Amino acid sequence: MSRSAHPAGPRYADVLPEGHYTAPPADLNALEPKVWSRTVDRDEHGVVTVGGIPVTRLAEEFGTPAYFLDESDFRARCRAWRDAFGTDADVFYAGKAFLSRAVVRWLHEEGLNLDVCSAGELATALDAGMPAERLALHGNNKSTEEITRAVEAGVGRIVLDSFQEIVRVAHIAERLGKRQRVQIRVTVGVEAHTHEFIATAHEDQKFGLALAGGQAAEAVRRALKLDGLELVGIHSHIGSQIFDTSGFEVAAHRVVGLLKEIRDEHGVELPEIDLGGGLGIAYTADDDPREPQEIATALREIVTRECAAAGLAVPRISVEPGRAIVGPTAFTLYEVGTVKELPGLRTYVSVDGGMSDNIRTALYDADYTVALVSRTSTAAPMLSRVVGKHCESGDIVVRDAFLPADLAPGDLLAVPATGAYCRSMASNYNHALRPPVVAVADGAARVIVRRETEEDLLRLDVG
């Protein structure tokens, strides 16, 4: 959100925390293109459409709350990343952002690889037909069962995260008569400018083996000695929701430095370098994400320059966009239930979802925007907080936004950019039923993840 000064007057009194207010937009009915998927528009009646279908019709057919995913936008973003990096690099979609069998098939058809980090994600990928050699398995505490299944299936790489895991993967591979391709995840001491809980490359955290103190170098020594492992590269991930490549430049410099040490000590030039994901998207109009081609060009230049300085051949680059692909392709549709004005403060707008379908606002203090989508309005702007129906005061969907002052129960609101880490982190808090995911394309809509039912909840309750 913009952090400009708030409007004068008693309705916008100085009761809002610094950083949580904004001036109202010039047009409450406008849809900021960068936060909505590419086929979103308003029709002649003022109703928002996606894939040519009015949200009012979607609400009637599929109910609310629900996630609506723009399939053509998703596929276009896959192609943009694939084309930007070309055939001499690898793009791994980070499945943790959102994964379903339909998504796996789209990734396969559009030529992307897939990064998984649990038995469930691996099972989904294999069941939907993704070739195992195009899979990578991540995780800081992979179980013996997860590793065994991955090695048996023939996954293309396993990213090693600890000294214990080096031995564990090697032992399982040898027992199965295989030689498993692996990378070593290193923490490079670069902390991206992001929320503490989603910054992953500084040393004081659970992921990877630190360059500082020689842990990463020792991991390489151990991996190269084990017959069950084929060490093919180094993996680095510096955080999430990143808007510039300066952090990647420092990370690449340090990773290439490790590659040089490996060559000098072992006489081996590893052929791969994975720079991870974490590229940001626009959640609000003030966010300014970079295009895939710009990112690809910058990362290639960085790695090429560092390798030239180190006297190394340029390794094959991999990246892992997840949020950057699926995040902008979906919005969550809600129905307004109550509108409660607190004079001199703001108006609380309660919707039929909440933190069970979008935990990011409560967990990361994330900013979102919201729009009235079932109609247009010429009413004055009303400072609002969109909240859910759960028994938590922190059950907030959009912390501060302007909505029309004539907003009423039954209106439909949509929160854009909810494709990543919303359905995948959804919960059954208060025994809420997790919403469906509906794919929309070319005037047709179909459920790809169905809405949970009370029967689903009770089936697991065996008491």
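**Ground rules.** I'm working with a predicted model, where local features need pLDDT of at least 70, side-chain atom pairs count only at pLDDT 80 or more, and totals for chains, interfaces and linings use all residues. Residues are numbered from 1 along each chain as its sequence is written, and side-chain values use heavy atoms, with hydrogens and water left out.

**Helix pair.** I looked up helix 8 (residues 246-266) and helix 9 (residues 292-310), whose axes come within 9 Å and cross at roughly 35°. Axes here are lines fitted to C-alpha atoms over the stretch in contact, with angles from 0 to 180 degrees between N-to-C directions. Helices are DSSP runs of H or I with at least four residues, strands are runs of E with at least two, and both are numbered from the N terminus. I noted the crossing as right-handed, meaning the near helix is turned clockwise from the far one by less than a right angle.

Next I checked who touches whom, with contact meaning heavy atoms within 4.5 Å. Helix 8 brings Phe248, Glu249, Ala252, His253, Val256, Lys260 and Arg263, and helix 9 brings Leu299, Ile302, Val303, Arg305, Glu306, Cys307 and Ala310. By class that is eight nonpolar, one polar and five charged residues. Nonpolar covers Ala, Val, Leu, Ile, Met, Phe, Trp, Tyr, Cys and Pro, charged covers Asp, Glu, Lys and Arg, and the others, Gly among them, are polar.

I found a cis peptide bond from Thr64 to Pro65, with omega near -10°. Pro65 sits in the loop between helix 1 (55-62) and strand 4 (66-70).

Tyr421 isn't a glycine, yet it has a positive phi of about 60°. I located Tyr421 in the loop between strand 19 (412-416) and strand 20 (437-441). Asp442, also not a glycine, has a positive phi of about 50°, and lies in the loop between strand 20 and strand 21 (444-449).

Buried or exposed? I used relative accessible area with a 1.4 Å probe on protein chains only: under 20% is buried, over 50% exposed, and in between partly exposed. Tyr421, at 15%, counts as buried, whereas Asp442, at 75%, counts as exposed.

**Cavities.** I counted two cavities of 30 Å³ or more. A cavity is a set of points on a 1 Å grid over the protein atoms alone where a 1.4 Å probe fits but cannot get out, and lining residues have an atom within 4 Å of a point. The largest holds about 50 Å³ of space, and its lining includes Tyr67, Phe98 and Arg423.

How values were computed
On a 1 Å grid over the protein atoms alone, a cavity is a set of points where a 1.4 Å probe fits but cannot get out, and a pocket is an open set with protein on both sides within 12 Å along at least five of seven lines; lining residues have an atom within 4 Å of a point. Grid points are joined across faces, edges and corners, and a volume is the space filled by probe spheres set on the points.
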